[in-house]
Amino acid sequence: MKTLSFLILSAFAIGCANQFDAGNEAFSRGDWKGAIFHYGHVATTNADRPAAREMTAKAYFNWGKELYAAGRWKKATDKLLQVKSEFVDYQEAREMVSACNFFVGKEAFERSDWREAIKYLNIVRSTSPRYDESRALAKKAHAELDRRKG
């Protein structure tokens, strides 16, 4: 019985190691979705694998940065919000989310979509270098809504 338990645990450990290696390979290719899948499998099936959780966060962060660089603000936000507070890149991810909110709000403002502009511009963090500009645009968007109502 002990031998059977050892074999099962060994097979499980090998499976986790293979998933972790597959995650590393995907990560090195910039395949963020694949890396997240493999690391996520290890993280959920083996609580002793904090490296898998860390690498999952790094993959989400890198994916979010890639989407940010491409100007895909909402998708970037979705990925960057997956980076949790215990990870090294948390602050940078939160600042990028704030920047994404600014750009989504600014684009909405330029399209005269006042409600969406206000929604996104009002959630730009006060620590953002774009904070003052976001508040000014939100104020103008509110004025446009009020003008159209009156």
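Colleague: In this model, are α6 and α7 roughly parallel or roughly antiparallel to each other?

Modeller: Before anything else, keep in mind that this is a predicted model. To read a helix pair, one takes the angle between the two N-to-C directions, and an angle over 145 degrees counts as roughly antiparallel. Here helix α6, residues 114-121, packs against α7 at an angle of about 150°, with the two axes 9 Å apart. The two helices, α6 and α7, are therefore roughly antiparallel to each other. Their crossing, in which α6 passes α7, is left-handed. On the α6 side the contact is made by Trp114, Arg115, Ala117, Ile118 and Leu121, while the residues of α7 that take part include Ala138, Ala141 and Leu145.

Colleague: Where is Leu145 found, and is Leu145 buried or exposed?

Modeller: Leu145 belongs to helix α7, which covers residues 131-149. For burial, one looks at the relative accessible area, and a value under 20% counts as buried. Leu145 has a relative accessible area of 15%, so Leu145 is buried. Leaving aside residues up to four places away in sequence, Leu145 touches Trp114, Arg115 and Ile118. As for Ile118, it lies 27 residues from Leu145 along the chain, and the C-alpha atoms of the two are separated by 10.0 Å.

Colleague: How do α3 and α5 pack, and at what angle?

Modeller: For α3 and helix α5 (residues 90-110) the angle is about 30°, and the axes are 11 Å apart. That angle makes α3 roughly parallel to α5, because angles under 35 degrees count as roughly parallel. Here too the crossing, with α3 passing α5, is left-handed. Phe61, Lys65 and Tyr68 of α3 make the contact, together with residues of α5, among them Met96, Cys100 and Phe103.

Colleague: How many aromatic pairs does a search of the whole structure find?

Modeller: The search finds 6 aromatic pairs. One of them is formed by Phe20 and Tyr39, whose rings are 5.4 Å apart centre to centre with 55° between the planes, a tilted arrangement. Since Phe20 lies in helix α1 (residues 2-29) and Tyr39 in helix α2 (residues 32-45), the pair ties together parts that are 19 residues apart in sequence. Both Phe20 and Tyr39 are buried. Another pair, Tyr68 and Trp73, is edge-to-face, with 5.3 Å between centres and 75° between planes. Aromatic residues can also group together, as Tyr68, Trp73, Phe102 and Phe103 do in one aromatic cluster. Within that cluster, Trp73 is buried, because its relative accessible area is 13%.

Colleague: Over which ring does the charged end of Lys79 sit?

Modeller: The charged end of Lys79 sits over the ring of Trp63, 4.4 Å from the centre of that ring.

Colleague: In which loop is Gly71 found, and how far apart in space are Gly71 and Phe103?

Modeller: Gly71 is in the loop between α3 (50-69) and α4 (73-80). Gly71 is partly exposed, as its relative accessible area of 30% shows. From C-alpha to C-alpha, Gly71 and Phe103 are 8.6 Å apart in space, although 32 residues separate them in sequence.

Colleague: How many helices and how many strands does the chain have?

Modeller: The chain has 7 helices and 0 strands, and read along the sequence they follow the pattern α-α-α-α-α-α-α. Of the 150 residues in the chain, 39% are buried. Among contacts between residues at least 6 apart in sequence, 48% join residues at least 24 apart.

Methods: Residues are numbered from 1 along each chain as its sequence is written. This is a predicted model: local features need pLDDT of at least 70, side-chain atom pairs count only at pLDDT 80 or more; totals for chains, interfaces and linings use all residues. Side-chain values use heavy atoms; hydrogens and water are left out. Helices (H or I, at least four residues) and strands (E, at least two) are DSSP runs, numbered from the N terminus. Buried means under 20% relative accessible area, exposed over 50%, partly exposed in between (1.4 Å probe, protein chains only). Contact means heavy atoms within 4.5 Å. Rings of Phe, Tyr and Trp (its six-membered ring) pair if their centres lie within 6.5 Å; planes under 30 degrees apart count as stacked, over 60 as edge-to-face and the rest as tilted. A charge sits over a ring if NZ of Lys or CZ of Arg is within 6 Å of the ring centre and within 35 degrees of the ring normal. Axes are lines fitted to C-alpha atoms, for helices over the stretch in contact, and angles run from 0 to 180 degrees between N-to-C directions. Angles under 35 degrees count as roughly parallel, over 145 as roughly antiparallel, 65 to 115 as roughly perpendicular and the rest as oblique. A crossing is left-handed if the near helix is turned anticlockwise from the far one by less than a right angle, and right-handed if clockwise.
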